[in-house]
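Trainee: Please give me a close look at one part of this model. I would like to follow the aromatic rings and then move on to other strands.

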Amino acid sequence: MNEKIELGLINTLKIDRKSDHGLYLVANDGDDVLLPNAYVTDAMKIGDTLEVFVYNDSEDRYVATTLRPKAMLNEFGYFEVVGVENFGAFVDWGLPKDLFVPKKFQKIPLEVGMKFVFRVSIDEDSDRLIAIHKFNNFLSKDTKRLKSNQKVDLIVREKTPLGYKVIVNYLYDGMIFHNEIFEDVWIGQKKNGFVKKVR
């Protein structure tokens with residue numbers, strides 16, 4: 001069971017008590033979070049442990065869900081822009097509440113219908129989950145841990161004249177050159193690959 005409740009991640013928490021609004025789940029440190037009635041089933045009993053994802057509700061309170069987003073904290077996902085306001089945009093990340101993209105973290109002005117790879121992060125000012133489109137600062141230049149022929153996780157981020165830019169192990173910038181591609185590849189795709197060369 002979780003020592004404490006962690007925003008943006010899967011938490012294993014114990015069902016502590018019922019309320020009119022749902023079930024309260026508790027971590028080892030005593031902090032609790034609401035699992036709203038929409039996600040409560042008859043099989044859930046006080047004392048059971050549940051795996052839930054914790055995110056912010058519309059009033060920025062922590063709330064739990066049994067649903068899984070397309071990407072979690074510090075991961076990258078391929079999201080569609082579903083709303084635009086003067087202060088930022090909103091993307092569909094697989095939960096009923098869309099994820100906010102502040103204007104300062106947009107690489108270009110976003111418009112409804114656009115699809116890009118975003119990074120899920122926590123906004124330090126507001127302690128809420130956000131999506132970041134301008135995420136190069138979050139990619140590491142220290143590639144000492146990568147070796148030739150090492151198996152890695154990839155997410156395809158954009159097409160270029162040379163091939164496809166990819167994010168390697170959620171941490172590094174990489175490239176698959178056209179002459180190294182032997183199957184269909186598309187933006188947002190998550191796949192395994194092997195390191196050919198570290199530069």
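Mentor: Start with two residues, Tyr55 and Trp93: both are buried. Buried means under 20% relative accessible area, exposed means over 50%, and partly exposed lies in between, using a 1.4 Å probe and protein chains only. Keep in mind that this is a predicted model, where local features need pLDDT of at least 70, side-chain atom pairs count only at pLDDT 80 or more, and totals for chains, interfaces and linings use all residues. Residues are numbered from 1 along each chain as its sequence is written, and side-chain values use heavy atoms, without hydrogens or water.

Now the ring pairs. Rings of Phe, Tyr and Trp (for Trp, the six-membered ring) pair if their centres lie within 6.5 Å; planes under 30 degrees apart are stacked, over 60 edge-to-face, and the rest tilted. By this rule there are 9 aromatic pairs. Take Phe53 and Tyr55: their ring centres are 6.3 Å apart and their planes at 20°, so this pair is stacked. Phe53 has 0% relative accessibility, so it counts as buried. Tyr55 has a relative accessible area of 8%, so it is buried too.

Tyr55 also pairs with Trp93. Here the centres are 6.5 Å apart and the planes stand at 75°, so the pair is edge-to-face. This pair links distant parts of the chain, 38 residues apart. Tyr55 is in strand S4 (residues 49-56), while Trp93 is in the loop between strand S7 (88-92) and strand S8 (99-102). Strands are DSSP runs of E, at least two residues long, and helices are runs of H or I, at least four; both are numbered from the N terminus. Put together, ring pairs link Phe53, Tyr55 and Trp93 into a cluster.

Next, another ring. The charged end of Arg17 sits over the ring of Tyr24, 4.3 Å from its centre. That label requires NZ of Lys or CZ of Arg within 6 Å of the ring centre and within 35 degrees of the ring normal.

Finish with strand S2 (residues 22-26). S2 is mostly covered, with 4 of its 5 residues buried. Two strands pair if DSSP finds at least two bridges between them. Strand S1 (residues 10-19) pairs with S2 in the antiparallel sense, over 5 bridges. Ile15 has Leu25 in S2 as its bridge partner. S1 and S2 form a hairpin with 2 residues between them. S2 also runs antiparallel to strand S3 (residues 32-36), joined by 5 bridges. There, Gly22 stands opposite Pro36 in S3. The hairpin of S2 and S3 has 5 residues between the strands, and Gly30 takes a positive phi near 95°.
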